[in-house]
Amino acid sequence: QISADAIFGGSSTTTIPAAATLRLAGHTQIYSSATFTGGGTLRNAQAGNMNLYNGASLDPIGIANDGLFYVSLFPGVASVGRFENPANGTWSVNVGGEAAGSEHDLLIVSDGPATLAGHLNVHHYDLGYPAFRPEIGDEYTILTALDGVAHDALDGFLAPLPGRDWFILDPFFAEIASDFLNELAKGTAVNAGPVSGPTAKGIIS
C-alpha cells in the first residue's frame, strides 16, 4: 500500500503481477507517459482520489475504485485492462459535447469486463462558446468494455440541466420501465440485478 500521494509518469514502468494488488490511499495521478505491466490491479482506496490523465494506458492492469476516480480534469480518454467500481466508489465523468475524448470522457476497458455499482457523478462541462446544451435524446458513450458491462444498484449524482434529466442506459435494456429510469434520473439507488452489455451510456430525457 502507498498511503502518500503518488505520481506515475515520465518514463516510469510499474509491474504488478497478475495475482497482486497495489493499494493507493492518497491523491494518485497517472500520466500518459507511464507504462504498466503484469496484469495485476491498482486499487484506489476509499479515501483515495485517482486521476487518469488524457491518453493514459494501463493495459493490462485493472482498476478497482473504492474512492473517487476520474479521467483527466477535462474531457479525455484513457484505457485500463479491467474496471471495477464497487458500492462505495464514485466515478466522475465530464460531458461537454458529442466527441468522445475531446468533448466528453471515454474509459476503454480493453482486456476484460467492467463491473459497476456505487455512484456515477456526471459533470456538465462547458467548453466555451457556443455553450453546450444537450438535447432530449442525446446519448454519450462513456465506457466500452471488451468483456461487457455488468451493473448492480448504480446510482447517479447527475448535474442538473434546465428542463432536462439524465438517466443511465444499457443498450440491451432500453425497454426497461420508465419509472425505473425516472428513479435513476433523480439519483436514487435502484437495484436492477446484474445485467450485461458492451457499453455504458448516458442519455438525456
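Leaving aside its neighbours within four places in sequence, which residues is Ser92 in contact with? The structure examined here is a predicted model, in which local features need pLDDT of at least 70 and side-chain atom pairs count only at pLDDT 80 or more, whereas totals for chains, interfaces and linings use all residues. Residues are numbered from 1 along each chain as its sequence is written, and side-chain values use heavy atoms, with hydrogens and water left out.

Ser92 is located in strand β12 (residues 90–95), where strands (E, at least two residues) and helices (H or I, at least four) are DSSP runs numbered from the N terminus. With contact taken as heavy atoms within 4.5 Å, the partners of Ser92 beyond four places in sequence are Leu68, Phe69, Tyr70, Val71, Asp105, Asn121 and His123. With His123 there is also a polar contact between the two side chains, at 3.0 Å; a polar contact is a pair of N or O atoms within 3.5 Å, of which, within protein, one must be able to donate a hydrogen and the other to accept it, and residues adjacent in sequence count only if both atoms are side-chain atoms. Ser92 has a relative accessibility of 11% and counts as buried (buried means under 20% relative accessible area, exposed over 50% and partly exposed in between, with a 1.4 Å probe and protein chains only).

A search of the whole structure finds five aromatic pairs, a pair being rings of Phe, Tyr and Trp (its six-membered ring) with centres within 6.5 Å, described as stacked for planes under 30 degrees apart, edge-to-face for those over 60 and tilted for the rest. Among them is the stacked pair of Tyr31 and Tyr53, with 4.2 Å from centre to centre and 10 degrees between the planes. Because Tyr31 lies in the loop between β4 (27–30) and β5 (35–37) and Tyr53 in the loop between β7 and β8, this pair ties together parts that are 22 residues apart in sequence; Tyr31 is partly exposed, at 31% relative accessibility. The rings of Phe69 and Phe83 form a tilted pair, their centres being 5.1 Å apart and their planes at 40 degrees. This pair joins strand β9, which holds Phe69, to strand β11 (residues 82–85), which holds Phe83, and so ties together parts that are 14 residues apart in sequence.

The structure holds one salt bridge, defined as a side-chain nitrogen of Lys or Arg within 4 Å of a carboxyl oxygen of Asp or Glu. The salt bridge is formed by Asp66 and Arg43, whose closest N and O atoms are 2.7 Å apart. Asp66 lies in the loop between β8 and β9 and Arg43 in strand β6 (residues 41–44), so the pair ties together parts that are 23 residues apart in sequence. Asp66 is buried, with a relative accessible area of 9%, whereas Arg43 is partly exposed, at 23%.
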